[in-house]
Amino acid sequence: MLRIAVPNKGSLSGPASAMLHEAGYQQRRESKELVIVDPDNEVEFFYLRPRDIAIYVSSGRLDIGITGRDLLIDSGADAEEILPLGFARSTFRFAGKPGTASAIEDLSGLTVATSYEGIVAKHLADHGVDASVVHLDGAVETAIELGVAQVIADVVETGTSLRNAGLEVFGEPIMTSEAIVIRRTGAAADEAKAGQFLRRLQGVLVARTYVMMDYDCRAEHLEQAVALTPGLESPTVSPLHNEGWVAVRAMVPAKEAQRIMDDLYDIGARAILTTAIHACRL
Ligand SMILES: Nc1ncnc2c1ncn2[C@@H]1O[C@H](COP(=O)(O)OP(=O)(O)OP(=O)(O)O)[C@@H](O)[C@H]1O
Ligand SMILES: O=P(O)(O)OC[C@H]1O[C@H](OP(=O)(O)OP(=O)(O)O)[C@H](O)[C@@H]1O
Ligand SMILES: [Mg+2]
């Protein structure tokens with residue numbers, strides 16, 4: 001049985017369970033369930049605090065976990081990223097009242113409030129800056145107004161929380177984060193069950209980001225058309241009953257589908273269709 005840690009709360013929880021469900025795994029029916037077994041897929045899911053997941057995985061008691069890259073780095077746990085999942089994207093940044101600081105060097109002698117003490121302390125040390133770090137559990141934007149710190153370091157997605165607190169980011173982003181799959185550092189990469197789990201998630205990522213495109217074009221335009229739709233390996237080309245015409249089928253990035261359809265039309269392709277990919281195994 002493969003043992004997998006899944007976030008039980010917060011920004012990662014809903015999208016992680018949705019992705020696992022899309023990959024064909026059973027997920028919990030209500031938010032108080034702590035452990036569920038999916039016997040058909042021989043997987044056991046443990047719903048844990050996102051911040052604790054790297055620690056469980058590094059201990060070797062759980063094989064795989066879904067967490068945030070920032071949480072993994074902050075934990076300092078002996079676990080490694082094996083697959084980025086493309087949701088819960090954020091940057092991790094310093095912010096303060098306008099005019100407080102414009103670069104990390106300005107933080108000498110100041111106090112930084114954060115929920116990610118591990119990341120911040122290391123980042124300051126790497127830059128040789130001697131600042132104090134105070135750990136807060138959340139809502140760190142308010143720490144400045146209440147005089148606990150002059151500066152914060154926090155997760156920024158839309159920037160709304162900072163704006164609402166009258167704060168501005170400064171300096172270079174400390175890191176960028178997203179949801180990731182982790183395993184214990186150096187754990188066997190090709191372990192059959194873990195490999196199958198990763199292939200399923202990769203299949204979901206591809207199904208979410210690609211569409212299937214079909215079109216007809218004149219044989220003499222095929223090379224031009226194929227340059228627009230190279231596919232993942234190579235497009236399928238089949239003869240049409242009408243002589244001199246071929247049918248082409250290739251996967252294309254969903255974001256570019258409309259532009260590619262326009263370009264194909266311009267070179268004379270017709271009957272251009274896109275269809276969603278429900279699931280895939282590359
Ligand atoms: N607004 C956000 N947008 C995108 N990702 C976010 C956001 N807030 C937190 N995250 C990401 O979620 C993970 C932190 O999850 P965690 O559950 O600890 O905090 P949370 O989502 O802020 O939940 P809560 O504060 O309600 O406990 C990190 O990887 C962080 O980058
Ligand atoms: O840039 P934004 O789109 O505003 O998102 C970033 C905010 O979201 C998270 O807060 P959350 O609501 O989880 O509260 P918390 O600070 O108590 O964790 C994070 O800690 C930031 O405060
Ligand atoms: Mg939060």
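Here is a short walk through this structure, which is a predicted model.

Let us begin with a sheet. Six strands form an open sheet with mixed pairing, in the order S2-S3-S1-S4-S11-S5. At its edges stand strand S2 (35-38) and strand S5 (79-84); each has a single partner strand, so one side of each is left without a neighbour in the sheet. From one strand to the next, the twist averages 30°.

Within this sheet, look at strand S4 (residues 64-68) and strand S11 (residues 179-184). These two run antiparallel and are joined by five bridges. Here you can find Ile-66 standing opposite Val-181 in S11.

Now turn to the helices that lie across these strands. Helix H1 (residues 10-22) lies across strand S1 (2-7), S4 and S11, and runs at about 135° to S1. Helix H7 (residues 192-209) lies across S1, S4, S5 and S11, running at about 40° to S5.

Finally, follow the chain to residues 207-278. An unreviewed UniProt entry lists this span as "domain: Histidine biosynthesis HisG C-terminal". In the model, the span is 28% helix and 40% strand, and its end C-alpha atoms lie 6 Å apart.

Methods
Residues are numbered from 1 along each chain as its sequence is written. Chains are lettered from A and ligands numbered from 1 in the order in which they are written. This is a predicted model: local features need pLDDT of at least 70, side-chain atom pairs count only at pLDDT 80 or more; totals for chains, interfaces and linings use all residues. UniProt positions are given in the numbering used here, feature names are shortened, and annotations may be inferred rather than shown by experiment. Helices (H or I, at least four residues) and strands (E, at least two) are DSSP runs, numbered from the N terminus. Two strands pair if DSSP finds at least two bridges between them. Axes are lines fitted to C-alpha atoms, for helices over the stretch in contact, and angles run from 0 to 180 degrees between N-to-C directions. Two residues are in contact if their C-beta atoms, placed from the backbone, lie within 7 Å.
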